[in-house]
Structures are given as structure tokens and as C-alpha cells.
Amino acid sequence: MNCNRYRLALALSGCLCAGGVWATENGADSYALGAEGVMAGALPPAGVYLLSYYENYHASRFVDKNGNSLIPGFGLNVDALVPRPVWMTNQQILGGQLGFYAALPLVDLRVSMAGERDSRRAMGDSIVASLLAWHNGNHHWVAAVEAVLPTGDYDRDHMANAGKNYYTARPIFAYSYSQPDGWDLSTKISYSINSKNDATDYHSGDYIAGDYSMGYKVAPKLTLALEGYVFKQLESDQVSGDDIGFRGQAVAYGPGVHYQGQGWSLEAKYLQETAVENRPQGNATWLKFVWAF
């Protein structure tokens, strides 16, 4: 397998709310798979909040559409730290509370394959978004539109890149059914539309992705949950306008725990990937800390 094929199979990217792992060009996307869990659709009252995410993603296989190892000697480790300030206003639009957020990931990437190694410590692509949030008893909804901007470190000759060098527009919907002393059922679903990478003439296909959480409050401040994510690429990648038939998919699941303090919360989870196609196959560890100013 030549070097161009290797690069087709891999690009490393930091993303919204944490590092995102991977399909599309060189195996990379910008959706933070697994970042959200308990109370994903329930946004707080008016005010300023800081959401801080840490993710470690590790993979030792890059698989093809049949789940077979595609790249010999493949190894990948990503550490991402992402601050995400959120501003919820008092303004109402269509009965929903208007809010805004932004994110700028700091990414440490290490990759190896076929005897070659590369690493990068740099800023990833920045994200800006506006949203509307609704509440009705135990039901909570969020609708948002994100823009991923190619501000991250990128060099087409590197195997490891913190940025992707193309734009992404992403509508998002999130929902939570949360009982005060019982179940929390939450999901966040998005659809990502990518522009072309002008440096490589590569156009990554659109994809749908979502996080899910099924949790139960075992103590007044403590929730235990089954959490995970689903990723499915709906359009094939294109090179110079030609369809190359490359689509990724993945499903992940694992345990999560959420603790609600006074004016803050902490969530941790460990997720294992399965049913993977045309992507790295590995596991992710997440920490999410929320602080109300």
C-alpha cells in the first residue's frame, strides 16, 4: 500500500467539545463523538457557563468496510482538551431561549503506520454556534446550528494534523427526558455538511452522528448510565469530483457516571467501538466538567 493510500486512510482532528474520531478524508471528522451524555438536551437558565472536556482516544486498528485491518502497523493516540464557553440569554425566539457557544480544542496527536511515525501538538479547528432551548416539565429540547472553521494547524504533507482545512456546517437537535429522582434518557443528533479541502481536492461526504445516554439517578446527586454514540457516513468521499466509494461508520457503548454539585457537575465515561467500517477502531475515555459563573 503506497503513502497516498495511507493518507487517504488517516487524518487526525480535534473538534467540538473535544477530539473527534474519524471517517471522511483520511479517516477524520469534526463531530465530538461521545462528548454529550446525561441531560444532553437540558440547557441551564440565563447566564455564563464554562464546559471543559477532556478526551483520550486510542486505536490500534484501521479497518475496511468488512471490519478487516486495512493499514499494517497502525497506531493512534489522541489527547484533547476543549474549553467551551456558553452564554444563555434572556431573549426568547419561537418560545425558546436564545444562546451561543464557541469551542477551541487543544490537541496532542500521535500516529504510526507501516514503520512511519508522526506527532503534533497544536490547536484544532474552532467552532461557533447559536441555539434555542425549550423546557416543558421533564422534557427538554435544543436546536442549534454550528459552523466549524478551518483555523487549526494543517499541513498536507503531515500524517498528523490538528485541523482539517475545510468548513463544516452542522444542524443539531438534542432531547432529554429527565425525572428529578429517576430516569434520564438523552440524545444529541447532528448532520454534517463539508466543503472541499482545496489543498488536496478531496471532498468528505456528509454524515449523521449522535450521542445517547440511558441513565438512572441512584442517589440525589449521582446518576449511572449506559452511554455511547453512532456514526454513519451517508455520502461517499470524492477526489477531484470522482466518487471513491469510501464511507465510514461506527457504534460505541460503555458505562458513564454523572455527579451534580452546587453550581457544577462532572461526568466521566469509557466507550468501546464496534461495527466499525473505514475508520480507526478503538476506545475513548471522556471527562466533562461544567461550571456556572
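Rings of Phe, Tyr and Trp (for Trp, its six-membered ring) are taken to pair if their centres lie within 6.5 Å; planes under 30 degrees apart count as stacked, over 60 as edge-to-face and the rest as tilted. The structure is a predicted model, in which local features need pLDDT of at least 70 and side-chain atom pairs count only at pLDDT 80 or more, whereas totals for chains, interfaces and linings use all residues. Residues are numbered from 1 along each chain as its sequence is written, and side-chain values use heavy atoms, with hydrogens and water left out.

By the ring criterion, Y259, W264, F289 and W291 form one aromatic cluster. The count of aromatic pairs comes to nine. An edge-to-face pair is formed by W183 and Y216, with 5.0 Å from centre to centre and 70 degrees between the planes. This pair links distant parts of the chain, since W183 belongs to strand β11 (residues 183-194) and Y216 to strand β14 (residues 207-219), 33 residues apart. Helices (H or I, at least four residues) and strands (E, at least two) are DSSP runs, numbered from the N terminus. Solvent exposure is expressed as relative accessible area, where buried means under 20%, exposed over 50% and partly exposed in between (1.4 Å probe, protein chains only). On this scale W183 is partly exposed, at 43%, and Y216 is likewise partly exposed, at 37%.

Charged side chains are also found over aromatic rings. A charge sits over a ring if NZ of Lys or CZ of Arg is within 6 Å of the ring centre and within 35 degrees of the ring normal. K164 lies over the face of Y166, at 5.4 Å from the ring centre. R279 is placed over the face of F231, at 4.1 Å from the ring centre.

Side chains of opposite charge can pair when their charged atoms come close. A salt bridge is defined as a side-chain nitrogen of Lys or Arg within 4 Å of a carboxyl oxygen of Asp or Glu, and the structure holds 11 of them. In one of these, R121 is joined to D108, with the closest N and O atoms 3.2 Å apart. K196 and D201 meet in a salt bridge of 3.1 Å, N to O. K196 is partly exposed, at 39%, as is D201, at 26%.

Strands of a sheet pair through backbone hydrogen bonds, either parallel or antiparallel. Two strands are treated as paired if DSSP finds at least two bridges between them. Strand β3 (residues 47-63) and strand β20 (residues 279-292) run antiparallel and are joined by 14 bridges; N56 stands opposite T285 in β20. Strand β19 (residues 264-277) also pairs with β20 in the antiparallel sense, over nine bridges, and A268 stands opposite L287 in β20. β19 and β20 form a hairpin with one residue between them, and N278 in the turn has a positive phi of about 55 degrees.

An open sheet is formed by four strands in the order β12-β13-β16-β17, with antiparallel pairing. Its edge strands are β12 (196-197) and β17 (242-243), each of which pairs on one side only. Strand β16 (residues 238-239) and β17 run antiparallel and are joined by two bridges. V239 stands opposite D242 in β17.

Finally, E146 is located in strand β9 (residues 139-149). E146 counts as buried, at 2% relative accessibility. The side chains of E146 and Y101 are joined by a polar contact of 2.5 Å. A polar contact is a pair of N or O atoms within 3.5 Å; within protein, one must be able to donate a hydrogen and the other to accept it, and residues adjacent in sequence count only if both atoms are side-chain atoms.
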